[in-house]
Amino acid sequence: MVGGGVGGYVGYQFGDRAPGVTSLDESRPARSVSTAPQGSVQQVAERVLPSVVQLQLVTARGSGEGSGIVLSSDGYILTNNHVVDGGGSRGQITAQFQDGRSAPVRVIGTDPKSDLAVVKADITGLTPAELGRSDDLPVGAPVVAIGSPFGLSGTVTSGIVSAKDRPVRAGGESGSEDTVLNALQTDAAINPGNSGGPLVDMDGNVVGINSAIYSPGNGQGQAGSVGLGFAIPIDQARRIATELKDRGSATQTTLGVLIGVGNQPGALVRNVVPGGPAEQAGIRTGDLITKVDTRPILDPDSLVAAVRSHAPGDRVTITISGSGGDRTVDATLAGQG
């Protein structure tokens with residue numbers, strides 16, 4: 001009773017003093033001059049946005065769009081192969097830059113197996129992105145994704161690294177084993193159009209190239225983010241991008257085996273390439289590969305992803321389950337065009 005009476009009295013008195021006053025009648029506050037704190041999403045966005053571009057592809061089959069990362073001030077751009085696929089002599093690709101300029105781009109090199117491509121715009125004065133490293137990126141680390149989802153350029157989302165070393169097919173489950181990526185998983189919102197854009201750490205360094213999303217099939221065309229996005233680790237992307245820029249093609253890391261599904265977890269060796277790393281290491285047809293270094297191998301895609309996480313010339317220890325029990329061998333990985 002007392003509380004209700006006091007509240008009613010205060011409300012009555014206020015109403016007497018300021019009849020009809022609403023929030024709309026309040027004066028605007030002074031303009032904010034606050035500086036984004038170091039390591040905040042705002043600070044990361046301010047640093048990285050000038051290095052992100054929107055790519056638009058037009059071909060006889062239709063149109064598409066994606067994102068890209070500026071590699072040099074004179075117009076080299078890194079993106080996904082599936083963003084620019086068909087953009088050679090059969091179509092036209094245009095880059096829209098954050099400063100409002102646009103320019104046509106030409107394809108310098110593509111690598112469908114790693115889903116990476118380098119294109120070039122004849123333009124100067126761009127801001128190159130700063131590339132970080134992904135080998136020591138911990139699970140749970142905060143990250144920011146920037147790109148052009150559904151054509152909305154300069155979109156910034158944030159999240160964490162949800163997992164590492166995820167075997168993901170670039171074309172989804174319909175993709176072939178040739179397109180398996182050794183991906184970083186993130187819950188930062190990634191949607192169609194984000195492909196080719198950067199995943200960056202809180203220092204603004206690129207740690208991954210956003211490439212794929214998981215969306216439950218709903219029969220309604222392009223689906224949106226459900227918190228399962230995948231990015232190519234920058235350590236792998238840097239090596240491939242350097243080769244694409246310099247030579248127009250890239251080498252793939254290989255163990256020299258043909259593999260399939262066995263009757264237990266692992267990658268079953270169905271054939272060994274003569275003279276390849278596997279044969280030289282003593283791997284035989286019928287062996288079941290269960291581990292690369294300390295990384296468990298649960299299926300063929302796991303092995304492809306593990307091998308592609310290395311560069312040609314790297315030496316790895318492979319655990320094999322065979323008729324004589326488990327054994328380990330050392331193999332020096334090779335490269336092939």
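Is Lys 120 buried or exposed? Lys 120 counts as buried, at 9% relative accessibility; buried stands for under 20% relative accessible area, exposed for over 50%, and partly exposed for what lies in between (1.4 Å probe, protein chains only). The views below start from the whole chain and then zoom in. What you see is a predicted model, where local features need pLDDT of at least 70, side-chain atom pairs count only at pLDDT 80 or more, and totals for chains, interfaces and linings use all residues. Residues are numbered from 1 along each chain as its sequence is written, and side-chain values use heavy atoms, with hydrogens and water left out.

**View 1. The whole chain, before zooming in.** The protein chain has six helices and 20 strands; these are DSSP runs numbered from the N terminus, with helices (H or I) of at least four residues and strands (E) of at least two. Of its 337 residues, 45% count as buried. The chain exposes about 16700 Å², and carbon and sulfur atoms supply 51% of that; the areas come from the Shrake-Rupley method with a 1.4 Å probe, and for residues only the protein chains shown count as cover. Take the contacts (heavy atoms within 4.5 Å) between residues at least 6 apart in sequence: 60% of them join residues at least 24 apart.

**View 2. Lys 120 and its charged partners.** Side chains of opposite charge can pair when their charged atoms come close. Here the side chains of Lys 120 and Asp 122 meet in a salt bridge, 3.8 Å from N to O. A salt bridge is a side-chain nitrogen of Lys or Arg within 4 Å of a carboxyl oxygen of Asp or Glu, and by this rule the count comes to twelve. Lys 120 is buried, whereas Asp 122 is exposed, with a relative accessible area of 62%.

**View 3. Val 105 and what it touches.** Val 105 sits in strand E5, residues 102-111, and is buried, with a relative accessible area of 10%. Leaving aside neighbours within four places in sequence, Val 105 is in contact with Ile 77, Ile 93, Ala 95, Val 119, Lys 120 and Ala 121. Tyr 76 is 29 residues away from Val 105 along the chain, and their C-alpha atoms are separated by 9.1 Å.

**View 4. Ser 114, in a loop.** Look between E5 and strand E6 (116-121) to find the loop that holds Ser 114. At 1% relative accessibility, Ser 114 counts as buried. Not counting residues up to four places away in sequence, Ser 114 touches Leu 181, Ile 232, Gln 236, Ile 240 and Gln 252.

View 5. Arg 239 pairs with Glu 243, their closest N and O atoms being 3.8 Å apart. Both lie in helix H4 (residues 234-247), four residues apart, about one turn of the helix, and both are buried. In the other pair, the side chains of Arg 133 and Asp 136 meet at 3.7 Å, N to O. Arg 133 is partly exposed at 48%, and Asp 136 is exposed at 51%.

**View 6. Helix H2 and its cover.** Helix H2 spans residues 41-48, and its buried residues are Gln 43, Val 44, Ala 45 and Val 48. Their cover includes strands E1 (52-59), E7 (142-147), E8 (155-169) and E10 (198-200).
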